[in-house]
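Here is a short note to keep beside you on a first look through this model. Please read the points in order, with the viewer open.

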Amino acid sequence: MDTTIETLQNATVSPRFVEAIPIRFARRFGLIGLDETDDSLTVAMASMERRAVARNVGVRLGLAVVPIIADESTIQRLINTAYSDAATGMDSVVEELVTDSADQIIEELTHRGDLLDNATHAPVVKLVNVVLFEAVKRRASDVHIQPYPDRVQVRYRIDGVLYDYVQVPVHLCDEIISRIKVIAQLNIAEKRLPQDGRTTVSIGERQIDLRISTLPTSHGERVVLRLLDKSARLYTLEELGMTERDLRVFRRLIRQTHGILLVTGPTGSGKSTTLYAALQELNSKELNILTIEDPIEYQLEGISQTQVSEIKGMTFATGLRTVLRQDPDVIMVGEIRDEATARMAVQSALTGHLVFSTLHTNDAVGAVARLLDLGIEPYLVAGSVIGVMAQRLVRLNCPDCARARALTDDECVWLGLDDTTTITEGAGCSTCLDTGFCDRGGVYELFEVDEEIRELIVGRSTHRDLKEVAHAQGMRTLREDAIRRMQAGQTTPEEVARVTRSDGPVTNGSTEETA
């Protein structure tokens, strides 16, 4: 028998094989069915010792087996791809759930495994698996499961916007919530108090971190799951979409020997992505870089990362105090939430350390007021903070259906542009799920703290005064940076309005590119 190792470059997986053979069986024995005729099936395997198993597959399908040898890793990759493409549709799963027995569902709720392996799972387990699988497939950042008097609504947050996905019969609400609690190792008997948990699930070769939050409501518990794809790549600073000026200034700030550099914005605005990009650029054998995070989103080579654990007493403040004994050069604190953390960050910056952290503020200048509200004295804020980057994420036009149009009169007025300006927007297609958008990009507002700004902070100048001086020095506001993206054909006026607020009249879409 010919034992040539096939490359399987143009191989087509047999649909009948995927339908009849569970993924666990295929993975265990390293088999995948390929080209199929009326009476035969080509089966790829890593060793001819598995011919007997392949013959059993043939008996199951009623076909003669033609065995070929292929690389094990190639076979496993084909298995993952084939079973991902063939995952059960939501409509059929919901139909199963309506007719299935609650006893059978509850009996199998504790079964855990690969999300692609639906063959032996109870329907409610399949439903949760499919919801998560589709969320990953559609690039959703969050899954909302919200009960109503007559239904349970499943929604996805995709590119920052919520979309309805499917409705599930209301009598299955408790079983669905229980299944999710089992995955997150939460107390399934506790329904009156909120619970938080986290876990990691696998979808083929991809590892997905889940952060799960439950909240009791008048119609039952609602659940929000935040998804983090650990296989997703990290971005470099050049890929974040900053202007040349902002990139130049930001790079100068992250190379300071001491001080606090803050990144601000609401949840889901890409703050961690920016900080990870900065840490990657700084990562070298000459610097001792440590992080305190909640959670650790990505593993960074050469950097020591510590997970916050409130239960064990490891808060940001206590963690930062301990990290200072580790002779750090650069410290990243996941978030400044309270006075204790803020004061430790300031003291770290004033004693020769470079500190990166995040805050929740509406704009860059607002970070000053936030630190003052936390109880930090103005002279300490002025002496420690070297810069603040505010950011938002705008949805980007789908490249497959984007088309040009002129601005309307109303858009010209509130954008401060003339009626000759042409913008681009997506019409909606299958690629972007008829939304007109595909992926997101950052808009930025970089506030550099120089001597003039420090004097204003010590003198407790107003937010407006600080912003006017910073703008005069070349700071581009979030609104102006979003308009820049729009003029470049990357986003729409609606997105500019959605993610930014008016900062006063804007005479053109940009400020002068000064150093």
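Predicted model: local features only at pLDDT ≥ 70, side-chain atom pairs only at ≥ 80, totals over all residues.

1. Let us begin with the rings. A pair of aromatic rings is described by the distance of the centres and the angle of the planes. In this model, the count of aromatic pairs comes to 3. One of them is formed by tyrosine 156 and tyrosine 165, whose ring centres are 4.6 Å apart with the planes at 25°, so this pair is stacked. Planes under 30 degrees apart count as stacked.

2. Another pair to look at is tyrosine 276 with tyrosine 298. Here the centres are 5.6 Å apart and the planes stand at 85°, so the arrangement is edge-to-face. Which parts of the chain does this pair tie together? Tyrosine 276 belongs to helix H10 (residues 271-282), while tyrosine 298 is in the loop between strand E12 (289-293) and strand E13 (304-307), so the pair links parts 22 residues apart in sequence. Tyrosine 276 is buried, its relative accessible area being 2%. Tyrosine 298, at 15% relative accessibility, counts as buried too, because the cut-off is under 20%.

3. A ring can also have a charge for a neighbour, as tyrosine 148 shows: the charged end of arginine 151 sits over its ring, 4.1 Å from the centre.

4. Next, please find arginine 479, in helix H18 (residues 478-487). Is this residue buried or exposed? With a relative accessibility of 7%, arginine 479 counts as buried. Its side chain is joined to that of threonine 500 by a polar contact of 2.8 Å.

5. You will find glycine 270 in the loop between strand E11 (259-264) and H10, and at 17% relative accessibility it counts as buried. Leaving aside residues up to four places away in sequence, glycine 270 touches Gln391 and Leu393. The C-alpha atoms of glycine 270 and glycine 441 are separated by 9.1 Å, although these residues are 171 residues apart along the chain.

6. Now to the charges. Side chains of opposite charge can pair when their charged atoms come close. How many salt bridges does a search of the whole structure find? The search finds 30. Among them is the one between arginine 138 and glutamate 134, with the closest N and O atoms 3.4 Å apart. Arginine 138 is partly exposed at 29% relative accessible area, whereas glutamate 134 counts as buried at 13%.

7. Arginine 343 and glutamate 377 form another salt bridge, 3.3 Å from N to O. Arginine 343 lies in helix H12 and glutamate 377 in the loop between helix H13 (366-373) and helix H14 (378-384), so parts 34 residues apart in sequence are tied together. Both ends are partly exposed: arginine 343 has a relative accessible area of 24% and glutamate 377 one of 30%.

8. Finally, the side chains of arginine 337 and aspartate 294 meet in a salt bridge of 3.3 Å, N to O. Arginine 337 is in the loop between strand E14 (330-333) and helix H12 (339-350), and aspartate 294 is in the loop between E12 and E13, so the pair ties together parts 43 residues apart in sequence. Arginine 337 is partly exposed, with a relative accessible area of 34%, and so is aspartate 294, with 23%. Shared partners among salt bridges join Arg198, Asp294, Glu335 and Arg337 into one network.

Note on methods: Residues numbered from 1 in each chain as written. Heavy atoms only, no water. Phe/Tyr/Trp six-rings, centres within 6.5 Å; stacked < 30°, edge-to-face > 60°. Helix = DSSP H or I, 4+ residues; strand = E, 2+ residues; numbered from the N terminus. Buried < 20%, exposed > 50% of the residue type's maximum accessible area, 1.4 Å probe, protein only. Lys NZ or Arg CZ within 6 Å of the ring centre and 35° of its normal. Polar contact = N/O pair within 3.5 Å; in protein donor to acceptor, adjacent residues only side chain to side chain. Contact = heavy atoms within 4.5 Å. Salt bridge = Lys/Arg side-chain N within 4 Å of Asp/Glu carboxyl O.
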